[in-house]
Amino acid sequence: MNKIQKFLFKYLDPVLIFLFLFIIVSTLFIYNLTLLNSKIKNFNYYLNTLSNIKILHNEFESLFDNKATFINYDKIVKKTQEMNNLIDEFKNEKFYKKFGSKLSISIELLEEKWNQKYENIERFKSNNSAIIGSLSYIIELSKKIKTTYIVDNSADILTFDNSLITLIKLFVNNIELEKEAIEESLKNLSFLAKKYNNQDFNFLNKTVNSTVDNLTRLNNIKQEYISIDMKKIIDFIESTLIKEYNSNIKSQQKTAWVLFFISLSLLITLIIIYIKSIKTKKELIAFKYAVENSDNSIVMTDKNRRIIYVNESFEKVTGYKREEALGKDPSILKSGRLSSEFYNNMNEILNRGEKWTGEFINVNKYHEIYYETASITPIISDDEITGYLAIKLNITDYVRQQEKVEFLAYHDNLTLLPNRRSLEKKLNELISKATKNDKFAVLFLDLDGFKIINDSLGHDIGDLLLKEIAKRFQESLHSDNYVFRVGGDEFAIIIEYTNDNSNEIIKDIAKNIIKNINKNIVIKNNSLQVGCSIGIAKFPEDGENLTNLLKHSDTAMYKAKQNGKNRFEFYTEDLSNSVHTRLNIEQSMSKGLKNGEFYLVYQPKYNLQTRKIFSVEALLRWKSSILGNIEPMNFISIAEETGFINQLGLFVFKKACEDFKYLQKETNLEMISINVSTVQLMDSEFIKNLKDILFETKLNASNIGIEVTETFIIKNMEEILETLNELRKIGFKIIIDDFGTGYSSMQYLQKLPIDVIKIDKSFIDDLSSNNQEIIKAIVAISKSFGYLTVAEGIELKEQEENLLKLGVDLGQGYFFSKPKTLQKLINYLA
């Protein structure tokens, strides 16, 4: 059955199927109505025939009541013939077929009874005719007798008339007289006949006796006729006919109603299907329009993968006209850039009747490469693949853009060298695929002296210098080595090797790099010279993962800077000892804060000309119960990395505010500066916490300077700029600490809300002519922006005098005053 249904729905339209069924059922319904109508007509005909038989039967019954009267015997003959014909109507197979053969016995019995009645009717006709003739003769003869023989005898006339009247009443009016009255009349007539003894009287007497005999016979015929019960048979036939008709008609009506409802259901279904077909047609038209005008290339193939349809977008993308593409294999678009495995995998999925999605690298008619993302769906009908539908989107522009974005994501946009992300990716690749003999070294490089050039000559010169240095890095390396710009003036190099004499190879490369970097560089008539500090970590000796290799190479680089710069250092296990120290510090800080091990000291800042104290700087100290005295440089960076700096910084700020409040009461000091980490500046609760402390201590923000290290500002400019501006709006003074060690530029000085610049101690320690020129430039820049300048780390009178000559505003250092506890500071200021 399912196969038949599938066949029908595969090769015939559902509308045609339902229409065909509707026509068949409607035809059956009409045919059934025709049969029903025919049965009704037949029933009415036979019922009418029975009614006519009953009418004729009743007429014949009344015939016997009209004895001794004139009867139209031709009419009787006609009616008897009609009765025969009516009965004959029932004597056929057609009647028995329609109303049942069981009526045949009743019809035969009816015919038999009729024949009996017919015989009585014929006898009645004969006797009645004789009686009517005799009556006529008796009446004429009685007139003659009365006028001829007994005219003078009134008594005989009376007897004669009474006797004849009695007989005539019997004959004419069909009145049943007593037998004695009839015999009395006959006796009287017989007496008169004897009395007058003539021929007429005797003949009259005989005629009357003969007529009485005929009338007696006629009454006997009537009784016999009546005894034949034909009506009961007619009624039986009629009731049986009606019953059979009702049974047949009820069945026929049921069939008619069933066919009617089936026809109606099919008609409603047809209407619904038609409405749906109209909707589907509209949807198909809309779908066709959408397909034709889609920005996607749409391709349909037959099961042999020959193109049977393409839309306009396909023509635009591929260059092939529809007529050129039809009948072709989609492989005309193959570029050869995808492997056979790619197509085999795709075909395996499609052959299983599953949807395939992926990307093609195709070639158009003009041999131009383009990219497409595609979805190919098998078209399945009756569990068989009959074709394929491909919807493809041209993503060439997107891919090109992605390639550009990918390049920019993994390359520095200034030098076009691979960036830090690319470095991490390459290291992970090398680590993941490394075998026992695969080794490499990571060289972490930081330029020496670049910041001074960038600050003094400007950002443009600095950028051009970085480009030239990147070029020199590449020239210094073999093709199998990799160079990366990590950020700012930091670079990284990966050197792969398999030789056991790796240190010598790496040393030679590092020396060559430093040699090339040290060469004079001329940019826009500026003769420039920079150095390069290099830290080296080897895989797998110095680290087996990305984090350790970068950390250890960076540690070695800072070691190179500490050892005099413009040199290289290998990472050693001794440097790892600092890791253990760091862990101890990290674990002790939280406990130390709770136990009150942290405290503040204050170092004055003074006017170099007047030597009057301008402000004090709050400096954090830690005397650990476990580790002893720990220098700030050893725990501040750890606190920043772990996030503990937020708690520690709030302690410093609150303690400094409380102490400054006390100092204001005891001295004339007007300002205090407090160091703040960039980690704190990036804390969303930082501003709120400072406001709370100001409210609690009732201090004015304008008397407090916030010191932030320049290097950290530059690295986190975008993140903290808004916070610095907010601090400035509240009233805080913004102080840039260690100025000159970072990536200084006019651009960032213009952006930042600065009040004071602190010149880094490294410039003060070595007041060579070069550094003095740098300090002079810093002072000039600061004054142009309206900033105060502070020289930190003054330890000699000569340094103080030189800085005063260079125009520096304020000084700070051991030469003037060492950091002091609060009480000692009060005593010092008193």
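The largest cavity is lined by Lys-605, Phe-614, Ser-615, Met-671, Ile-672, Ser-673, Ile-735, Val-756, Val-790 and Leu-810. (On a 1 Å grid over the protein atoms alone, a cavity is a set of points where a 1.4 Å probe fits but cannot get out, and lining residues have an atom within 4 Å of a point.) Keep in mind that this is a predicted model, where local features need pLDDT of at least 70, side-chain atom pairs count only at pLDDT 80 or more, and totals for chains, interfaces and linings use all residues. Residues are numbered from 1 along each chain as its sequence is written, and side-chain values use heavy atoms, with hydrogens and water left out.

**Cavities and a pocket**
- Searching the whole structure turns up two cavities of 30 Å³ or more.
- The second largest pocket (an open set with protein on both sides within 12 Å along at least five of seven lines) holds about 430 Å³ of space.
- It has 19 lining residues, and Asp-329, Pro-330, Ser-331, Met-346 and Ile-376 are the closest to its centre.

**Nonpolar cores**
- The largest nonpolar core has 71 residues, and Ile-704, Leu-727, Ile-775 and Leu-803 have the most contacts inside it.
- Such a core is a set of buried Ala, Val, Leu, Ile, Met, Phe, Trp, Tyr and Cys residues joined through side-chain atoms within 4.5 Å, with buried meaning under 20% relative accessible area (1.4 Å probe, protein chains only).
- Helix α21 (residues 645-666) gives the most to this core, with eight residues.
- A second, separate core of 36 residues includes Leu-50, Leu-63, Ile-121 and Tyr-225.

**The open sheet**
- Five strands form an open sheet with mixed pairing, in the order β7-β8-β6-β11-β12; two strands pair if DSSP finds at least two bridges between them.
- β7 (482-487) and β12 (568-570) are at the edges with a single partner strand each, so one side of each has no neighbour in the sheet.
- β7 pairs with β8 (residues 490-497) in the antiparallel sense over five bridges, and Phe-484 stands opposite Ala-492 in β8.

Definitions and conventions:
Helix = DSSP H or I, 4+ residues; strand = E, 2+ residues; numbered from the N terminus. Buried < 20%, exposed > 50% of the residue type's maximum accessible area, 1.4 Å probe, protein only. Points joined across faces, edges and corners; volume = space filled by probe spheres on them.
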